[in-house]
Amino acid sequence: MRLAFFGEERESVFDFPEWPQFDNSEILGLERVLNSRRWFAGFLGGDEKSEVGQFEREFAEYNGSKHTIAVSNGEAALIIALAASGVGAGDEVIMPAWTFVATASAAMHLGAVPVFADVTPDNLCLDPNDVLRKITDKTRAVITVHYGGKLGNIDQLSEIAHKKNLILIEDACHAHGSVYRDKKAGTIGHAGCFSFQESKTMTSGEGGLLTTDDDYIAQMARSFRSNGRKVDSPGYLHYRLGWNYRLTEFQAAILRAQLVRLDEQVKRRTDNSRLLTSLIDGIPGFIPMVDPEGTEQNSCYLYPLRLDLDYFGITRELADRYAKKRGISYNHSLVPSSMLIEDILRAEGIPCSSVYIPLNRSPLFLDTEEKTKGLGTFERYIGVPQYETALPVSDKAFEEVIDLPLKVFMGEAGTIQSVARVFEKISFSVDQVKAYLKELSIVP
Ligand SMILES: Cc1ncc(COP(=O)(O)O)c(C=O)c1O
C-alpha cells in the first residue's frame, strides 16, 4: 500500500462540496436589491426596512442576542466592540497569539496594547491561568477566540472577567452557530464578533457582525459604525470619532439566504466532526481534539488535530530540509514541522493546512529592522511595546497542529469513514515516511 505522495494512485476519490455555497435564494436576494434601487442601508447603517436591518433582526433571533450590528468585516466588528466597551489608548487587552492578526490589530487601531497569553493544548483557546498571570492595572479587556468553532475554557474566562471587572469579547469569527451549554457563540461575553469573509461558515464575500445584550454597547456600536452619527439627528452631525463600517444591501441579502442554511449545516458538521474524532482516536501518529465538555454544536469552521511528530520521525532539522526541498525561500522556522504530513494528506485527496503562525512570531510584533521602517500611528502614540514571545503551547501547536477545512464535514457519514481510512493508511505507512526522511537527511 504505497502512499499517493510517492506517485501511487489514490485509493479514495473525494468529492468535497464547493465553498461558498448558494442557490436560487441568493440570486433572488441580489435581484431584489438591484430592482429596489436601494443598495445602501442608510446613513445609520440599517433601518427596519433595509435588508441589513432585516438580516440583523433574523440573526438576533437565531442567535438569541438582544442586539446585532452588521458591519463591513470581522475586524471592524472587533474594533467597534472594543471602542463601544470603552477600550482606548494605553489600555491592555489580553488575547491569544493563536489567532488571525485582526484580533490584535483591532485593539491597536484604538491605541490599546495587545498582551498575548497562551492557549490550552486541549482546544487551543485562551488559557485562563495565563490570563490571570497577565492581568495588570492597565488591563481593560480580554478577547477569547473560539478557535475553529470551539468555545474552549469559556466558563473560567467569564468568571475571571466578572471577578476582575474586565470586558470579555468573544472573537466568534469561526463560531457561527456553535452552542455551549444552551448558549450560542456571541451571547456569553459583553460582545461577540463575527466575520462573513468568504471562507467562513456563512459568507457574503466580506462582512461582519457584532452581537451584544448591552444596550449601551449597542447604541455606541451603531454610532461608531456610521461615522459617529446618532439616531433622530441630522445625517451630517457627528458626535464621536467613528468609521464607515457599514454593510451593503447586497451583502445583507446574501447573508439572509445563508442564515437559513446555517443551522442544518452546523448540525451536520458537528456530527461528522465527532464521528471523525472517534474514528481517528487511537490511530498512531494522529491525536484528535475532543470538543470542550458542554459543547452542543460546533460550527467546525476548522477541524484541528495534532500530529505525533516523533511517531513519524520528523525533527525540526528534517522539517527545514523538507522546506528547502519544497523550494520554500522564506525563513524555514516559519514552515511548520507538519508540512510533510500535510502534503501526504493532500496527495491522498484530503484538503488541509496549518492555518496560523502564532502572532508572537509575526514581524509586526517583533523588534525587527523591517518593523522600524514601517512604524504605524499606533507605535507613534504608544511607543513600541515589548510583546510576549514565550508562548510554549502556541509554539508547539504551530509545529504539530493541522487543520481540515469545513468542506470535509459537509457530506455523508460514509465520506468521513473514507477520510478516516486515509489517516489509517498514512499511519500504517510510517516506514515509507521514515525511509523518505532518511534520504532527506543525507542530502548535503
Ligand atoms: C479569529 C479571527 N478574527 C478576526 C478575523 C477578521 O475577520 P475579517 O477578515 O472579516 O476582517 C478573522 C478572519 O479570518 C478571524 O479568523
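Reader: Hi! What kind of model is this, and how are residues numbered?

Author: Residues are numbered from 1 along each chain as its sequence is written, and side-chain values use heavy atoms, with hydrogens and water left out. The model is predicted, so to speak of local features takes pLDDT of at least 70 and side-chain atom pairs count only at pLDDT 80 or more, while totals for chains, interfaces and linings use all residues.

Reader: Thanks! At what angle do α3 and α4 pack?

Author: Helix α3 (residues 74-84) and helix α4 (residues 101-109) pack at about 45°, and their axes are 9 Å apart. That makes α3 oblique to α4. Helices here are DSSP runs of H or I with at least four residues, strands are runs of E with at least two, and both are numbered from the N terminus. Axes are lines fitted to C-alpha atoms, for helices over the stretch in contact, and angles run from 0 to 180 degrees between N-to-C directions. Angles under 35 degrees count as roughly parallel, over 145 as roughly antiparallel, 65 to 115 as roughly perpendicular and the rest as oblique.

Reader: Which residues of α3 and α4 meet?

Author: From α3 come Glu75, Leu78, Ile79 and Leu82, and they meet Ala102, Thr103, Ser105, Ala106, Ala107 and His109 of α4; contact means heavy atoms within 4.5 Å. The α3 contact with α4 has six nonpolar, three polar and one charged residues. Ala, Val, Leu, Ile, Met, Phe, Trp, Tyr, Cys and Pro count as nonpolar, Asp, Glu, Lys and Arg as charged, and the others, Gly among them, as polar.

Reader: And how do α3 and α7 pack?

Author: Between α3 and helix α7 (residues 215-225) the angle is about 125°, with the axes 9 Å apart. That makes α3 oblique to α7. In this contact, Ile80, Ala83 and Ala84 of α3 meet Tyr216, Ile217, Met220, Ala221, Phe224 and Arg225 of α7. By class, the α3 contact with α7 has eight nonpolar, no polar and one charged residues.

Reader: New topic: what volume does the largest pocket have?

Author: Its volume is about 560 Å³. The lining has 28 residues, and His174, Gln197, Ser199, Lys200 and Tyr301 lie nearest the centre of the pocket. Two or more lining residues come from each of α3, α4 and β13 (401-405). The lining of the largest pocket divides into 13 nonpolar, nine polar and six charged residues.

Reader: What counts as a pocket or a cavity?

Author: On a 1 Å grid over the protein atoms alone, a cavity is a set of points where a 1.4 Å probe fits but cannot get out, and a pocket is an open set with protein on both sides within 12 Å along at least five of seven lines; lining residues have an atom within 4 Å of a point. Grid points are joined across faces, edges and corners, and a volume is the space filled by probe spheres set on the points.

Reader: Last one: where is the cis peptide bond?

Author: It runs from Trp19 to Pro20, with omega near 0°. Pro20 is in the segment before α1 (24-36).
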